[in-house]
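Reader: I am new to this structure and would like to go through it by question and answer. Please show it to me.

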Amino acid sequence: MDKLDIIIIGGGPIGIACGLEAQKEGLSYLILEKGPIVNSLFNYPSNMQFFSSSEKLEIDEIPFISKEAKPKRNEALEYYRRIVTSNKLRIHLFETVNGVTKGGDHFSVTTDKTVYRTTKVIVATGFYDLPNPLNVPGEELAKVSHYYKDPHFYASQKLAVVGASNSAIDAALECWRKGSEVSLIIRGPEVGQRVKYWVRPDIINRIEEGSIKAYYNATVKEIRKDKILIDTPDGEVILENDFVLALTGYMPNFEFLEKMGITFSDDEKRLPTYNPKTMETNISGLYLAGVICGGMETHKWFIENSRIHAKIIIGHVTETSASEIDS
Ligand SMILES: Cc1cc2nc3c(=O)[nH]c(=O)nc-3n(C[C@H](O)[C@H](O)[C@H](O)COP(=O)(O)OP(=O)(O)OC[C@H]3O[C@@H](n4cnc5c(N)ncnc54)[C@H](O)[C@@H]3O)c2cc1C
């Protein structure tokens with residue numbers, strides 16, 4: 001296969017934005033996505049509502065029309081799918097990138113199907129593949145999940161939800177409304193301040209009226225087949241339990257980036273090295289785009305503030321390609 005100008009790893013909203021921008025500039029490009037179009041969004045909870053309004057999720061100023069101001073997951077799937085199909089973006093789905101190596105003036109991108117040669121690489125792989133583990137005995141049991149899909153599954157069941165941010169609170173409320181007996185285990189002293197402003201009063205009222213039992217400043221100690229053990233300020237609590245949803249956030253695949261030669265800050269944030277003016281990493285010609293840029297700070301970047309990365313990167317690619325031709 002001929003050498004491409006750019007390979008984009010990840011067909012999420014930001015990888016798609018990069019593909020659109022590359023196409024507009026007449027560059028040869030390919031998006032490689034290990035799942036379906038916008039795989040992370042596809043795996044979000046079925047009834048999930050974004051905290052951003054639809055205009056803020058738009059890419060390349062293509063209008064995103066939604067029923068309510070804040071769109072639902074299904075509407076976002078439809079929006080990004082239509083962008084890919086109507087613009088005939090070059091994307092290979094269900095093809096996983098296993099590694100990227102640089103040799104001379106090009107990169108080799110190895111997938112589970114083949115090896116590509118390209119001048120530049122954009123990594124837009126997000127952070128939704130690796131959950132933050134609880135690291136407690138019993139976490140490996142089948143009744144424990146780090147992903148939540150649909151409340152129907154938990155109806156009439158004793159459910160422990162671990163976490164205090166949007167994912168955990170949405171799951172706790174939805175499941176309680178479908179008849180689960182919900183306990184909420186929160187590491188800090190309160191429901192997260194970033195919880196959607198129209199959802200936070202709802203959960204606080206459900207906790208205050210006793211419909212959902214919340215344990216604050218509490219951590220999971222152990223999960224057993226039919227119980228969960230919690231450390232609380234008042235001592236150990238043992239609850240009868242059928243299922244655990246450990247919704248304690250996600251992290252980027254650092255090993256994948258490390259193997260490419262990308263370096264990180266050596267504090268707990270593990271910020272990848274890149275120039276914010278160009279998004280180029282410490283490896284020349286290798287760029288980062290989207291939420292992956294935040295390292296462990298997964299609340300720093302969203303679609304709404306990282307969609308700009310596409311223009312910055314493609315602008316830099318075209319500038320540097322022009323100066324390489326001139327020189
Ligand atoms: C529940 C939830 C709600 C959110 N709500 C909002 C919101 O309202 N507004 C907002 O702006 N942001 C929101 N975000 C944050 C952010 O917008 C999303 O994480 C968004 O999907 C990030 O886009 P991205 O393209 O950077 O990464 P992703 O959408 O995660 O895309 C990365 C893609 O890379 C693919 N991939 C990963 N590894 C490989 C590989 N080795 N080979 C090939 N493909 C690979 C994945 O399958 C995935 O499709 C939310 C996040 C979550 C988890």
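Author: A term first: buried means under 20% relative accessible area, exposed over 50%, and partly exposed in between. Note also that this is a predicted model.

Reader: Is Lys-24 buried, partly exposed or exposed?

Author: The relative accessibility of Lys-24 is 47%. Values between 20% and 50% fall in the middle class, so Lys-24 counts as partly exposed.

Reader: Which residue forms a salt bridge with Lys-24, and what parts does the pair tie together?

Author: The closest N and O atoms of the salt bridge between Lys-24 and its partner are 2.7 Å apart. Lys-24 lies in helix H1 and the partner in the loop between H2 and helix H3 (73–86), so the pair ties together parts that are 36 residues apart in sequence. Glu-21 and Lys-311 are linked with both in a network of salt bridges. The partner of Lys-24 is Asp-60.

Reader: Which helix supplies the largest share of the shell around the ligand?

Author: Helix H1 (13–24), helix H2 (39–42) and helix H7 (303–306) each supply at least two residues of that shell. The largest share is three residues, and it comes from H2.

Reader: How much of the area that the ligand exposes when taken alone does the protein bury?

Author: An oxygen atom of the ligand is 2.9 Å from an N or O atom in the side chain of Asn-39, and an oxygen atom of the ligand is 2.7 Å from a polar backbone atom of Phe-51. Taken alone, the ligand exposes 970 Å². Of that area, the protein buries 94%.

Technical notes
Residues numbered from 1 in each chain as written. Predicted model: local features only at pLDDT ≥ 70, side-chain atom pairs only at ≥ 80, totals over all residues. Heavy atoms only, no water. Polar contact = N/O pair within 3.5 Å; in protein donor to acceptor, adjacent residues only side chain to side chain. Areas by Shrake-Rupley, 256 points an atom, 1.4 Å probe, with all protein chains shown as cover. Helix = DSSP H or I, 4+ residues; strand = E, 2+ residues; numbered from the N terminus. Salt bridge = Lys/Arg side-chain N within 4 Å of Asp/Glu carboxyl O. Buried < 20%, exposed > 50% of the residue type's maximum accessible area, 1.4 Å probe, protein only.
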